[in-house]
Each structure stands twice: as C-alpha cells, then as structure tokens.
Amino acid sequence: MYESEKAWQDVDAYFVDTLVPEDDALQQARLSGRQTTMPRAEVAANQGKLLALLCQIAGAQRVLEFGTLAGYSTIWLARAVGTQGHVTTLELEPGNAAIATENFHRAGVADRVTVITGPATESAERLIADGAAPYDFVFIDADKPSNPAYLKASMALTGPGSVIVIDNVVRNGAVTDPASPDERVRGVRAVLADIAEDERLEATALQTVGSKGWDGFTVIRRVR
Ligand code: DHB
Ligand code: MG
C-alpha cells in the first residue's frame, strides 16, 4: 500500500461519482467479478468509460477482447458499439464465461456479444482460420505472458486504422526491470518491444493511479 493510495482511491471515487455512473448491471458485473478466478481484476469504471469513448471516437463496430472474466469491460465495449456493433470476447475459464454471460443478459447486450471459451491464443487462431472480418478495436487484458501472442493474433485480425489497447503495462513499476523474473512483467516488456519494432504501429503508454493501485495501459493505432 502506497502512502497516497487512499487519496488515489478518493479521487477515482469522486470522478466515478461525478462522471461515470454505473447502472445496476455494471455494479452487478463488478461484484460478480469476485466469483471469478481473478477477483477484482476488472478495469476501474473510469477506465471502462475510457475504453467506450475510444471505441466511439474510433467509430468501432467490431470489437475483440482478450480476457473476459465477469464481462465488466465487455459491457462497456458492447454498449459503446451500439445495437449494430458486435463484441467477441475470449475467456479461458468456462466458469468465468458463465458468469459473464449472465451479466451480458442483465446489461441488455447478450445479443451483440459472443464469448468464446478456451485458451485465447487457440480461439484467436480459429477466428483467423475462419476468415473473421477485421476488428476495429481490440482490448488485450488476459494472461500477461501471452501478450506478444495476443498482439500477433490481433495483427492478423485487424486492418489499418484499428485501435489496440493493452491493460496492465506498469504493474507497480516492475515493468522497468529488464531482469524481472516475473513472467507477467516479461510478457509486458516483450509486447512493448514488439510494438516499438513494428512499423505498422504507433503507440504510447500511460501510468494510472486509482482504485486499482499503480498500473497503466498502452494505446496503439495501426497505421497500415
Ligand atoms: C492483473 C491482471 C489484470 O488484468 C488487472 O487489470 C490487474 C491485475 C494480474 O494479473 O494480476
Ligand atoms: Mg487488466
């Protein structure tokens, strides 16, 4: 716990109260996250709203998400794309997927969300093999060691102009350690190196403090 963590949480609570009201379905989705294999890993409400705004700014209709858990961020994305849009979300654990599906019904977005259960790399490979139409927006928020594989799959599933966001790239500052033995940190560093090397991608990364402690995310635009 950082000394200023309470202040970070208070400011997040203030912003969320002021700008980002959660309806019952979002609150229930957040609460049900405690029953998943990764309790409290869902994005903060103000980050969920940012994902929604980015989708809308980008005019995204087709969204791909790596890592569903209880579907909290999925609901933000599904509401952002509207009734004509679609979100495909990939989840390893059938139990998590079942919780998420219930949440999609409660949120009124079940008809525009497809949950694919199983290892996300395999699910994405199947989408590629099936010739899935390009996605406009990708949110990568699953197991961190697989980040490079998820970006690679995303490149096969998007086209120029698409936006890719990767969550959790700071991890309490651990990301700066090139010798970190933590496979999650290694997965983040590897994907950032891949992004930097790829001439098709323009990217930045931002640190966040708030209800989820000290972390951050990367925003990428595929330019060609
Ligand atoms: C972890 C994963 C997340 O997606 C997140 O938002 C926070 C933490 C984790 O792997 O610990
Ligand atoms: Mg995350």
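Helix H1 makes the largest contribution to the lining of the largest pocket, giving three residues. This is a predicted model, and that pocket is the space taken by ligand 1.

**The largest pocket**
- Its volume is about 950 Å³.
- A total of 41 residues line the largest pocket, and those nearest its centre are Met 38, Arg 40, Ala 41, Glu 42 and Leu 69.
- Two or more lining residues come from each of helix H1 (5-19), helix H3 (45-57), helix H4 (72-81) and strand S2 (86-91).
- Sorted by class, the lining of the largest pocket holds 17 nonpolar, 15 charged and nine polar residues.

**Ligand 1 and its surroundings**
- Around ligand 1 you will find Met 38, Ala 41, Asp 141, Lys 144, Asp 167, Asn 168, Arg 171, Arg 184 and Lys 212.
- This shell has six charged residues, along with two nonpolar and one polar.
- Lys 212 places a polar side-chain atom 2.4 Å from an oxygen atom of ligand 1, while for Lys 144 the corresponding distance is 3.0 Å.
- For Asp 167, a side-chain N or O atom is 3.2 Å from an oxygen atom of ligand 1.
- On its own, ligand 1 exposes 290 Å², and the protein buries 79% of that.

**The second largest pocket**
- The second largest pocket has a volume of about 230 Å³.
- Its lining has 16 residues, with Ala 44, Asn 46, Gln 47, Thr 208 and Val 209 closest to the centre.
- H3, strand S6 (201-210) and strand S7 (213-222) each give two or more residues to this lining, and S7 gives the most, with four.
- By class, the lining of the second largest pocket comprises eight polar, four nonpolar and four charged residues.

Conventions. Residues are numbered from 1 along each chain as its sequence is written. Chains are lettered from A and ligands numbered from 1 in the order in which they are written. This is a predicted model: local features need pLDDT of at least 70, side-chain atom pairs count only at pLDDT 80 or more; totals for chains, interfaces and linings use all residues. Side-chain values use heavy atoms; hydrogens and water are left out. A residue is near a molecule or strand if one of its heavy atoms lies within 4 Å of it. A polar contact is a pair of N or O atoms within 3.5 Å; within protein, one must be able to donate a hydrogen and the other to accept it, and residues adjacent in sequence count only if both atoms are side-chain atoms. Accessible areas come from the Shrake-Rupley method with a 1.4 Å probe; for residues, only the protein chains shown count as cover. On a 1 Å grid over the protein atoms alone, a cavity is a set of points where a 1.4 Å probe fits but cannot get out, and a pocket is an open set with protein on both sides within 12 Å along at least five of seven lines; lining residues have an atom within 4 Å of a point. A molecule sits in a cavity or pocket if more than half of its atoms lie within 2 Å of its grid points. Ala, Val, Leu, Ile, Met, Phe, Trp, Tyr, Cys and Pro count as nonpolar, Asp, Glu, Lys and Arg as charged, and the others, Gly among them, as polar. Grid points are joined across faces, edges and corners, and a volume is the space filled by probe spheres set on the points.
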